[in-house]
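Work through the exercises below with the model open. Each task is followed by its solution.

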Amino acid sequence: MSSMSRDGCIDYRDALIMKRLSEFSYVLLVTGGKGGVGKSTIASTAALILSQSSNRTGLLDLDLNGPSACLLLGVDESPMEAEDGLIPPSVGGVKVMSVDLFAKGRPLPLTGGAKEEVVKEMMALTSFGRLDYLVVDTPPGTGDELLTITRLTKQVGGAIVVTTSSPLSISVARRVIEILGSMNYRIIGVVENMSRGEDDSLSRRLAAEAGVESLGAIPFDAEIMVGGGKKGPEKLLSTVFARSLREKLRKAGLKVV
Amino acid sequence: MLVAGVKVMDGPNMLRHMHEYTIAVGVVDSLKNFSKSSGRRVKSFRVFVGELSMLNLEVLRGALEKLIKHSDAADAVFSVEVERARVICGSCGYVMSFGEVVEDLDDQEKEVIHFLPELIASYGACRICGSKDLRIESGRGVSIRDVVYV
């Protein structure tokens, strides 16, 4: 970090990011590639479960075009500014940072280069403090947000790849796994979400082919959708979905009680 | 509002100086890290501050002077300069200046741009065609340039 470009420039944010990352014991990337497979719900609920298990936990929502963590968790307070950076608001013990805390529901027409700037800015400025887990919600696709956060956190990170049983979702998840593998990013498991009890052999085969653990299937839970997604911590944690996710996180070796 | 070293982002008459301090720490730590990894001493550098960041230049300069005294680059000469903002509309090609970008924003909205300049399109639009397809060509944030070392 803090290397100089050929034209004699140094990005000051690299030093800040390095300092922030040194305060995190583990960065849990929730990814999968395909939109609508439940990455945000899994990331938000996983953060709550980790916090409930006495871990110091943060949640970084990097779905820059369509952030939903604030809506899911019912967070709308602005970050506080302190000497060490921006202090994120907390809900259910989870410190939450999202671009939506700044955009407040407005449109986010960000292009590729701008997304990388926002990711670096949020990583550099956010003062999560010491964390046992920083959970990162990534957007659909394999673009700038995923590549930037993967590059920045690969020393302390591990990824959960989320898919559904749909062959379309599986095919995108396979690409994500290949990209993460090419960057030597640790994959701690593949989880099949929104399972309706059908055959989970496709996601199991995906995990086997990639040489990573299959964490199993989370059953489809209609309760998650009630209220248009505005759940809040207590309701999220009381769902069948959350109970199943808790098992998967435990299976993945995370500190969950 | 300033309470025990912490201020709430919302509010019209806020001091913004804590952000300048955070950035100054990042700049000086970057130079320290560079010296450490390269084994070289920084002789001079220039800090460019994009207009869109709306940082207080004097506060940033003061924080840099204070922090750099206790670093490997204590003798380094530096300048703090403004980089003019150019925001281009991707739809019609119109180039907006800083004044045009922030003209209709209130203090709270400017505070958001101060932290995340890329959100200009969330709060504004092209003055000519109304499009939100805005790209920052220059003047977004802080950069360290023309680093000379021995």
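B:Lys32 is partly exposed, at a relative accessible area of 33% (buried is under 20%, exposed over 50%, partly exposed in between; 1.4 Å probe, protein chains only). The model is predicted: local features need pLDDT of at least 70, side-chain atom pairs count only at pLDDT 80 or more, and totals for chains, interfaces and linings use all residues. Residues are numbered from 1 along each chain as its sequence is written, chains are lettered from A in the order in which they are written, and side-chain values use heavy atoms, without hydrogens and water.

**Exercise 1.** Find the salt-bridge partner of B:Lys32.

Step 1. Apply the criterion: a side-chain nitrogen of Lys or Arg within 4 Å of a carboxyl oxygen of Asp or Glu. B:Asp29 meets it, at 3.7 Å, N to O.
Step 2. Helices are DSSP runs of H or I, at least four residues; strands are E, at least two.

**Exercise 2.** Which parts of chain B does the pair B:Arg86 and B:Glu137 tie together?

Step 1. Their side chains form a salt bridge of 2.5 Å, N to O.
Step 2. B:Arg86 sits in strand 5 (residues 86–89) and B:Glu137 in strand 7 (residues 134–138), so the bridge ties parts 51 residues apart in sequence.
Step 3. B:Arg86 is partly exposed at 37%. B:Glu137 is partly exposed at 48%.

**Exercise 3.** Are B:Glu118 and B:Arg140 buried or exposed?

Step 1. The two side chains meet in a salt bridge (2.5 Å, N to O).
Step 2. Both residues are buried.
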